Amino acid sequence: MGCITTIRENTECFVHFLPHNIAVKVVKGSTILEAALRAGIGIRSVCGGKGLCGKCKVVVRKGRVETRRSDLLKREEAEKGYVLACLAKIVENIEVEIPIESQMGKPKLQSSVLLPSVKPKPLIRQIVLTPRDFSTTLLAYSLGSSVLEKFSEIERRRVQRILVVLNDVKKRIIDVSESEKGLYGLAVDIGTTKVAAALVNIVEGRVLDTASEFNKQLVYGEDIVSRIRFALDRRDGLKEIQRAAVETINTVIETLCKRHKISRKDIYMVTVAGNTVMTYLFVGLDPYPLIKSFKERVDLPRTPYWLEARDVGVSVNRNADVYVLPCAGRFLGGDVIGDIITAGLNFSPEPALLIDIGTNTEVVIGCRDWFLGTTAPAGPAFEGWGLTHGVRAVAGAIESAIIDSKTCRAIYKTVDNAKPIGICGSGYIDLLAQLFVSGLVDLFGKFYKDCGCPYIRRGEKGYEYVVVPAEESAIGRDIIVTEEDLYNIIDSKSSVCSAVSVLMKKMLLTVNDIKRVYVCGAFGNYLNLNSAMTIGMIPEFTSARVEYIGNGSLGGAILTLLSEDYRAEAERVAKLLAPIELLLDPDFMEEYQAGFMLPGKKELFPTWRDASRGIKPWKPLS
């Protein structure tokens, strides 16, 4: 299949993607990953297209590409036509197959949240005025674009009853109409991985529905530093990556409005919560100060951002205001503020712990008068980065597992009960916990090589455990867990536990002093806390009550949409929250290293640490 000769003198080629059956025309020299982006096709790219993660493997079925050799491709894969999409440059028309493990897949997204009871006190309201009253109101309020034109048209028809939508905080008239219409708002959580939104009836103070999608920024890198680099290194990179987030939000808006037969023009207020980087990229702020130096603390404004929908491009009423929750530190953003006010930590009379496990893990200890918070950079492994068969929580991902004590065989459950394609974060945590308690790995996560387990074998990178044999998997290969995978999970869990431990040490608290633990975030909602404690990811809080909040970031956006009081609370909390830069803290390294011997320090696991020392290597039944 040769290059086209009729288009710009051989400067453009066609790329046909399978199994999507989508073709796109691109400039010769573009990478397959860039072509997929242009076609709107999701290919995993943890590193943002730098050839470092190996997650963007595709097969060139027809045609030729130019690419450089990568150690992330096995020899047999290269012989079958596999290339890394980010390194493969298109030189002629090609046909590309995206293997199931490289596809974004259908996400299992968390948009539900446990909200406290709230008395509606919204930022916007609808009132009825006569034309004369409206003219008087103009003295105290500014006008949204085109409102005066609409009012003039209504006045010409001698209508005596005008419905006016006001934002009392900004003192703006958002809209006018002749007949009463719905008054709706949109609350948005912009996550690193996913975007979730709630459609809210503001008059009734009721959430009508929620929906979510993968964040389209994922194609620029699955970690926040890759996205910052893209925004800084490319001309108009910041605008492009901002547009990707807005397009995701607009997709969710379209879904919600279609479901409920609501005009997007009747959405008059939007509130947004996200981590600090997501906030900067959405607002359009230069993110460089956030990564300029990780050896110095970052001071940033702890105030909310007010935007207008028409300026940002959000597909709601063009005069709608967009309220972005304030940030409190380099990696403590509006999502954490949302977690705190949703959980009610800001009203607690005694210290409580909040942990939001996601692409990054945020930990806060506090009560109504003080808050101490930090972030553990542990998420990439929990999202599948650096793991042999790591995938996101999409259809076919192993999300939970137990190991049969008699046979050593893994009994697993996948998302949507589909054939397994890999293992997501909660599945890895279950597997490490099960391998540990079953006596298949030692205190350092090393396999007992001579225990007689038929599923432990020597592989290309050392010893490994077969979770799914090839004939049971959807990828036609064994799905395995290697010692290197277990090391990466232990590394990540140690980071999370050290964040909790450092904050407790700062406040001279023990595990017995914490009476309430709030678990937030999509990952936390599916996490088996017993497994997390077994491997030493979360300390053994012997007398604590655990509450699952769900998507606390979305909860914070909903609460600030519905209530001026909660908006004031969010801004109060942002000013009170004291950020701890974990990597700069003198206690961090000691706490972090202690987690590499399962489960961790005795003071964090007062009963389980000693009990775990009684685990013996597995032996087959005689």
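This report describes aromatic pairs and salt bridges in a predicted model.

## Aromatic pairs

The model contains 8 aromatic pairs. One of them joins Trp-306 and Tyr-323 in an edge-to-face arrangement, with 5.0 Å from centre to centre and 65 degrees between the planes. Trp-306 belongs to strand β16 (residues 305-308) and Tyr-323 to strand β17 (residues 321-324), so this pair ties together parts that are 17 residues apart in sequence. Trp-306 is partly exposed, at a relative accessible area of 24%, whereas Tyr-323 is buried, at 0%.

A further pair is formed by Phe-347 and Tyr-566: the ring centres are 6.4 Å apart and the planes stand at 75 degrees, so the pair is edge-to-face. Phe-347 is found in the loop between α10 (334-343) and β18 (352-357), while Tyr-566 is in helix α17 (residues 564-576); the pair therefore ties together parts that are 219 residues apart in sequence. Phe-347 is partly exposed, with 45% relative accessibility, and Tyr-566 is buried, with 11%.

Aromatic residues also occur as a group: Tyr-487, Phe-588, Tyr-592 and Phe-596 make up one aromatic cluster.

## Salt bridges

Side chains of opposite charge can pair when their charged atoms come close. In this model the count of salt bridges is 32. The table gives examples.

| Salt bridge | N to O distance |
|---|---|
| Glu-254 and Lys-258 | 3.3 Å |
| Lys-446 and Glu-483 | 3.9 Å |
| Glu-464 and Arg-457 | 2.7 Å |

Glu-254 and Lys-258 both lie within helix α6 (residues 237-260), where they are 4 residues apart, about one turn of the helix. Glu-254 is partly exposed, its relative accessible area being 45%, and Lys-258 is exposed, at 59%.

Lys-446 is in the loop between α12 (425-437) and β24 (456-459), and Glu-483 is in helix α13 (residues 483-506), so the pair ties together parts that are 37 residues apart in sequence. Lys-446 is partly exposed, at 40% relative accessible area, but Glu-483 is buried, at 14%.

In the salt bridge of Glu-464 with Arg-457, Glu-464 is buried, with a relative accessible area of 6%, and Arg-457 is partly exposed, with 32%.

Salt bridges can also be followed through several residues: Lys-505, Glu-590, Glu-591, Lys-601 and Glu-603 are linked in a network of them.

Technical notes. Residues numbered from 1 in each chain as written. Predicted model: local features only at pLDDT ≥ 70, side-chain atom pairs only at ≥ 80, totals over all residues. Heavy atoms only, no water. Phe/Tyr/Trp six-rings, centres within 6.5 Å; stacked < 30°, edge-to-face > 60°. Helix = DSSP H or I, 4+ residues; strand = E, 2+ residues; numbered from the N terminus. Buried < 20%, exposed > 50% of the residue type's maximum accessible area, 1.4 Å probe, protein only. Salt bridge = Lys/Arg side-chain N within 4 Å of Asp/Glu carboxyl O.
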